[in-house]
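Student: I'd like to take a close look at one part of this model with you. Could you walk me through it slowly, and then place it in its surroundings?

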Amino acid sequence: MNIVVLVKQVPDTWAERKLNEGDKTLDRASVDVVMNEIDEYAVEEALRIKEAQGGEVTILTMGPERAVETIRKALSMGADKAVHLSDEALKGSDAVQTSYALGKVLETLEYDLVIVGSEATDSRMATMGALLSERLGQPQLTGARKVTAEGGTVTIERQTDDGYAVVEASTPAIISVMEKINEPRYPSFKGIMAAKSKPLTTLSVGDAGVDEGQVGLAAAPSQVVEFSNKPPRQAGQIVKDEGDGGTKIAEYLASQKFV
Amino acid sequence: MSRWDTAERQALRQLARDLTAKEIAPHVAGWEREGQLPRSLHKTFANAGVLSVAFPEEVGGGGGDSIDAAIVAEEILLGGGSGGVVASLFTHGIAVPHIVQSGSRDLVDRYVRPTLAGDLIGALAVTEPGGGSDVAGLRTRAVRDGDAYVVTGAKTYITSGVRADFVTTAVRTGDDGYGGISLLVIDKGLPGFTVSPPLDKMGWRASDTAELSFDEVRVPAANLVGDEGAGFVLIMKQFQSERLAMATQAWATAQRCLDLVIPWLKDRETFGRPLSSRQVVRHKVAEMARQVWVAKTATRAAYEAWLDTGDAVTEVSMAKNTACAVCDHVVDEAVQLFGGLGYMRESEVERHYRDSRILRIGGGTDEIMNEVIAKRLGV
Ligand SMILES: Cc1cc2nc3c(=O)[nH]c(=O)nc-3n(C[C@H](O)[C@H](O)[C@H](O)COP(=O)(O)OP(=O)(O)OC[C@H]3O[C@@H](n4cnc5c(N)ncnc54)[C@H](O)[C@@H]3O)c2cc1C
Ligand SMILES: Cc1cc2nc3c(=O)[nH]c(=O)nc-3n(C[C@H](O)[C@H](O)[C@H](O)COP(=O)(O)OP(=O)(O)OC[C@H]3O[C@@H](n4cnc5c(N)ncnc54)[C@H](O)[C@@H]3O)c2cc1C
């Protein structure tokens, strides 16, 4: 079973994130960066399938030069090799363009499954799996909390509000996973040492057969028109307990649609 | 690029940081109260290969060196772990290197591998109620009887001694003096071997510490580490890495206090202005930072000298005393700058203030370091 995992480097979820004033793209340079959290689950799932059935796990990342740190992390968790699509021309690409570029690279790879995280914490589009499915003409199974792949078929349990649905597709297929699926492992020290000798192919848009005119900010079909920073935190609301504190808290939570 | 900062070591640093944030920091307060670490923590760190970074691959280790081990300890402390956590989680760092060095396949398979895999906990017992500094004067006796040694005596202040499955124990098999000392691996549960309840300490409270007593304990002769009489040399050699680890703990603890104090000074206002606006405070912090830098630089230089030359006894001893003195000063100033809060258990600096005090005592005291340095100077 050969698996490609899409891994994205994103600004640390806990850090203060901002857009560049000029071109309104995400400021990726001045913040701490991490592997998109859900992608860790995607890598873990791919490694588990590989450990049970054999095959190879390939990491595919589109991103600036420093995204190599994130690729190395995936390799040190146990992935076998990686492809890094990195080119100034890609800067500012939106989800549609990104799926075009990643699709181009996927066309050159041999795989049974593409595993993606359900969304990236920076753009929060949650569309990459669907876009790639459309471009590649391959089935997509979303929201997997369990994956079983055997003999040309892949079956998932899709989490729903009241339970789960069992969904099946032929391979090659694209699967998006959610946090319930597993507990990602830490990279290991040996994995870190081994990662430096694992194959890492860096591709420019030219290498990948991506048409430069179709990617990047200028050609993006969607543009960020305006943005504002999130309002400062409001003072909390104090509930005085006069014997009915519990009820008041429940009412508050209900009014905010938390319960 | 500095050898402390290669791409692989940056990744190791990040791994140690992530492990600390998730597996240690949220639990430290609880472990400090309970007085010991859960065994599961050893397993988690073993699975990530972090427990054994500095051990050779042939014995189940990661194949790194002591710089890798130092990086892990630095990150645990800088990320909000405690000295007690480091001391107790890495006790094997002082308990099994002698076994590795002696080269016995059998002892490596029975003790080193399972320990590095996070399945066993080991301790090192040198210090006795009668004295710790004078290692050559130790009195616990082991008398050969057939295929066993019969051990009688006592050890005290033994880190991880309460939880330990086995104890690498310094015993006297021969005459008085250093030539009569050997190392024996003694299993928990052998008849005549008793372990005290945890000793009640000023600091390192997440680390269990015990007194051990041996009353005619029969230990298989196969558990002798190296040759009879080789114990003292093995102990002295391994003391170097223990002292370096103490120096690391000292400067990293001081750095952590600095990291905690700076935001506080910007935030805390007295007489209508932030503390950080007062020159007397600013200069105090600058001085703390200077000292931490000196401690870090000296410690790292000693590691490098030790790795490169194999003999850096003078540098190691100087680094330990330098880093410990800095740590003492910085934790004290940090408590002072936090005012009343610095005296409260809820402030982390309060813990560092208590934890730091052991560093000038354990692994060879300040005075013993100075004895070593003076001797090396030919004085
Ligand atoms: C929390 C903790 C954990 C420990 N963990 C371990 C462990 O895991 N294994 C282990 O074997 N030991 C352990 N120890 C023991 C530690 O190594 C000893 O406490 C230390 O070596 C000092 O020995 P001592 O306590 O017997 O003091 P002593 O040797 O009695 O010394 C008392 C004082 O006299 C000074 N002194 C001694 N001789 C001289 C001299 N010739 N000239 C000038 N001054 C001198 C010392 O520096 C010290 O200040 C631990 C101790 C503590 C507190
Ligand atoms: C165990 C304990 C018992 C106590 N009991 C009592 C009690 O019974 N009643 C009571 O009223 N209080 C009590 N206190 C409070 C104690 O008096 C205060 O903690 C103390 O006055 C310091 O105030 P603070 O903690 O607010 O520190 P801060 O005033 O915030 O000072 C923090 C640090 O900044 C320094 N600093 C402050 N201003 C300046 C400046 N302008 N220039 C340079 N440095 C400055 C301080 O010296 C200190 O090092 C107690 C405190 C403790 C810990």
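Into which domains is chain B divided?

Tutor: Happy to. Please keep in mind that this is a predicted model. Chain B is divided into domain 1 (7-98 + 106-116), domain 2 (122-228) and domain 3 (233-376).

A check on the helix length comes first.

Now for the packing of the helix. The buried residues of α10(B) include B:Met288, B:Val292, B:Ala295, B:Ala298, B:Ala302 and B:Trp306. If you colour the helix by burial, you will also find B:Gln291, B:Lys296, B:Thr299, B:Arg300 and B:Tyr303 among the buried residues. The cover over the buried residues of α10(B) includes α4 (66-78), α9 (231-267) and α11 (313-337) of chain B.

Next, a ligand. Both α10 and α11 of chain B supply at least two residues each to the shell around ligand 2. That shell has 13 residues, and the closest to ligand 2 are B:Thr270, B:Arg278, B:Gly339, B:Gly340 and B:Tyr343. By residue class, the shell around ligand 2 holds seven nonpolar, four polar and two charged residues.

The centres of domain 1 and domain 3 of chain B, taken over C-alpha atoms, are separated by 21 Å. Across their contact, 17 residues of domain 1 of chain B meet 16 residues of domain 3 of chain B. On the domain 1 side, the elements that give two or more residues are α4, α5 (83-89), α6 (92-95) and α7 (97-102) of chain B. The most comes from α4(B), with seven residues. That domain 1 side divides into eight nonpolar, six polar and three charged residues.

The shell around ligand 1 draws at least three residues from each of domain 2 and domain 3 of chain B. β1 (122-125), β3 (148-159) and α13 (366-376) of chain B each supply at least two residues of this shell. Of the 21 residues around ligand 1, the nearest are B:Val126, B:Gly132, B:Ser133, B:Thr365 and B:Glu367. The classes in the shell around ligand 1 are ten nonpolar, eight polar and three charged.

Strand β4 (residues 166-172) of chain B runs antiparallel to β5(B), and seven bridges join the two. One pair to look for is B:Thr168 with its bridge partner B:Val185 in β5(B). β5(B) also pairs in the antiparallel sense with strand β8 (residues 224-225) of chain B, over two bridges. Here B:Leu183 has B:Val225 of β8(B) as its bridge partner.

Strand β4 (residues 57-62) of chain A has six of its six residues buried. In a regular strand the side chains alternate between the two faces of the sheet. In β4(A), A:Val57, A:Ile59 and A:Thr61 are buried on one side, and A:Thr58, A:Leu60 and A:Met62 are buried on the other. Strand β1 (residues 3-6) of chain A is joined to β4(A) by four bridges and runs parallel to it. β4(A) also pairs in the parallel sense with strand β5 (residues 81-85) of chain A, over five bridges.

Finally, the two chains meet. Eleven residues from chain A and 13 residues from chain B make the contact. On the chain A side, α2 (68-77) and α5 (189-195) are the elements that give two or more residues. The largest share, four residues, comes from α5(A).

Definitions and conventions:
Residues numbered from 1 in each chain as written. Chains lettered and ligands numbered in written order. Predicted model: local features only at pLDDT ≥ 70, side-chain atom pairs only at ≥ 80, totals over all residues. Contact = placed C-beta atoms within 7 Å. Near = placed C-beta within 6 Å. Nonpolar A, V, L, I, M, F, W, Y, C, P; charged D, E, K, R; others polar. Domains from an automatic or database assignment. Buried ≥ 20, exposed ≤ 12 C-beta atoms within 10 Å, placed from the backbone. Pairing = 2+ DSSP bridges.
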